[in-house]
Amino acid sequence: MLKNIRDQFPILKRKINGKRLVYLDSAATSQKPQFVIDSISEYYKKYNANIHRSSHVIAKEATTMWIDSHRKVANFINADSYKEIVFVRNSTEGLNLIANTYGRQNLKGGDIVVLSEMEHHSNIVPWLILQKEIGFDIKYIPVSEEYDLDIGWLKELIKNGGSRVKIISVVHISNVLGTINPVKEIVEIGHSVGAFVMVDGAQSIPHIKVDVRDIGCDAFVFSGHKVYAPTGSGVLYCKESILGELNPFMGGGEMILSVSKDSFEANDIPWRFEAGTPDIESGICLGSALDWFENVVKEMGGWDKLREHDVELLDALFNEFDGIEWFKVFGKSSAKERYGVLAFNIEGFSFKGCKEKVKMDGSSIVEYLSKRGIAVREGFHCAEPLHDRFKVGPTMRVSVGIYNTKEDIQVFAKTLKEAVLSSY
Ligand SMILES: Cc1ncc(COP(=O)(O)O)c(C=O)c1O
């Protein structure tokens with residue numbers, strides 16, 4: 001871990017009931033460094049103006065920064081051009097955009113959309129909504145007992161379903177299991193029958209180097225707020241040759257070149273998909289956040305060092321609970337096979353959303369942690385089908401960011417043990 005990195009995050013100095021904040025909920029949203037907070041404030045102090053419209057000085061400056069931020073994102077994920085980068089509010093909006101454009105334009109009854117059993121709801125519900133209208137089939141790549149995607153099953157489906165498989169949309173890193181999926185292989189399998197392949201990178205972008213050209217996917221989405229950028233910033237990457245053929249998702253200002261009473265001419269990409277006044281400061285500061293993040297990763301010694309940091313933290317967590325019977329890990333039991341998140345159950349307790357009656361209410365545990373400044377998440381983490389698949393009730397989840405330390409893990413473990421033992 002980089003020395004002084006924690007000092008860059010003002011919120012980490014916060015005390016809750018006299019205890020320091022131990023933030024272990026970065027998979028939900030990351031905290032923001034002073035650099036990003038300053039860039040938001042600088043935007044409002046110096047450049048606040050609407051983009052792509054007026055010709056006055058600050059409007060031109062804001063527009064230039066907006067376009068530059070698209071370029072920074074393109075470089076960050078190794079896209080070919082900023083034209084492939086659509087700014088949306090979050091991953092959810094990116095996934096919905098593709099379902100409602102590529103999906104709506106290309107799917108018909110009898111076609112197949114392939115998802116997986118470990119998807120976040122935002123990569124399930126948009127397809128269920130569209131399915132009601134169009135009537136295609138949705139098939140889920142099974143998750144094996146070892147918590148891996150069953151790629152053999154996918155190959156078999158492609159062999160039998162062939163060209164009926166029109167879209168494959170899968171998560172890169174699961175927000176519950178923390179497992180990384182072989183997305184490059186999935187892309188190759190999908191492309192062998194001409195399917196469009198999308199990757200949900202909401203949880204991969206803060207933990208690994210993402211290279212969309214290497215993955216080969218047709219689309220990739222992520223949320224800026226999970227990678228140290230402000231809320232309201234998100235990205236849809238889509239290959240230029242495909243994005244250029246898509247109809248607009250939303251109509252309004254700036255997504256057009258001209259409008260008459262009877263028709264309109266759509267703008268060029270990516271602006272065709274950025275209708276209305278966007279979250280300007282969030283989009284601009286996403287670029288600043290990625291600059292900051294890249295610099296920090298470089299100072300750490302590269303992406304491998306960031307990975308080492310994440311593994312060390314989860315390793316420490318596994319060690320803290322080694323041999324403890326009531327601590328039931330959901331997913332793989334090795335830090336090396338997980339990326340940034342660890343979900344678990346506490347035997348005998350049930351968390352928010354539990355459908356069965358279990359002995360004790362886990363909200364007392366959550367409350368115990370929360371009062372002592374510890375921020376973790378409990379529930380289904382918007383991945384209910386995955387919990388159902390393993391007949392596991394809602395879980396508690398620890399997730400780490402670049403600012404977490406082994407001390408955070410120790411404080412969490414000690415407090416959780418106290419909470420559980422005092423409840424029995
Ligand atoms: C894997 C995954 N996909 C999609 C999302 C949705 O992200 P957002 O709420 O920023 O749209 C999340 C959020 O936690 C996620 O973990």
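**Close-up views of pockets, ligand and rings**

**View 1. The largest pocket and its lining.** The largest pocket has 18 lining residues, and those nearest its centre are Cys354, Glu356, Lys391, Val392 and Gly393. This is a predicted model, in which local features need pLDDT of at least 70 and side-chain atom pairs count only at pLDDT 80 or more, while totals for chains, interfaces and linings use all residues. Residues are numbered from 1 along each chain as its sequence is written, and side-chain values use heavy atoms, leaving out hydrogens and water. On a 1 Å grid over the protein atoms alone, a pocket is an open set of points with protein on both sides within 12 Å along at least five of seven lines, and lining residues have an atom within 4 Å of a point. The space in the largest pocket comes to about 290 Å³, a volume being the space filled by probe spheres set on grid points joined across faces, edges and corners. β14 (341-346), β15 (349-350) and α12 (384-389) each give at least two residues to this lining; helices (H or I, at least four residues) and strands (E, at least two) are DSSP runs, numbered from the N terminus. By class, eight lining residues are nonpolar, five polar and five charged. Here Ala, Val, Leu, Ile, Met, Phe, Trp, Tyr, Cys and Pro count as nonpolar, Asp, Glu, Lys and Arg as charged, and the others, Gly among them, as polar.

View 2. Look around the ligand and you will find 14 residues, the closest being Thr92, Asp200, Ser223, His225 and Lys226; each has a heavy atom within 4 Å. By class, this shell holds three nonpolar, nine polar and two charged residues. Polar contacts (pairs of N or O atoms within 3.5 Å) include one of 2.5 Å between a polar side-chain atom of Asp200 and a ligand nitrogen. A side-chain N or O atom of Gln203 is 2.7 Å from a ligand oxygen, and a polar side-chain atom of Ser223 also lies 2.7 Å from an oxygen atom of the ligand.

**View 3. An aromatic pair.** The whole structure has 23 aromatic pairs, meaning rings of Phe, Tyr and Trp (its six-membered ring) with centres within 6.5 Å; planes under 30 degrees apart count as stacked, over 60 as edge-to-face and the rest as tilted. Among them, Tyr147 and Phe330 sit edge-to-face, 6.2 Å centre to centre with 85° between the planes. Tyr147 belongs to the loop between β6 (137-141) and α5 (151-161), and Phe330 to strand β13 (residues 327-330), 183 residues apart.

Key
A polar contact is a pair of N or O atoms within 3.5 Å; within protein, one must be able to donate a hydrogen and the other to accept it, and residues adjacent in sequence count only if both atoms are side-chain atoms. On a 1 Å grid over the protein atoms alone, a cavity is a set of points where a 1.4 Å probe fits but cannot get out, and a pocket is an open set with protein on both sides within 12 Å along at least five of seven lines; lining residues have an atom within 4 Å of a point.
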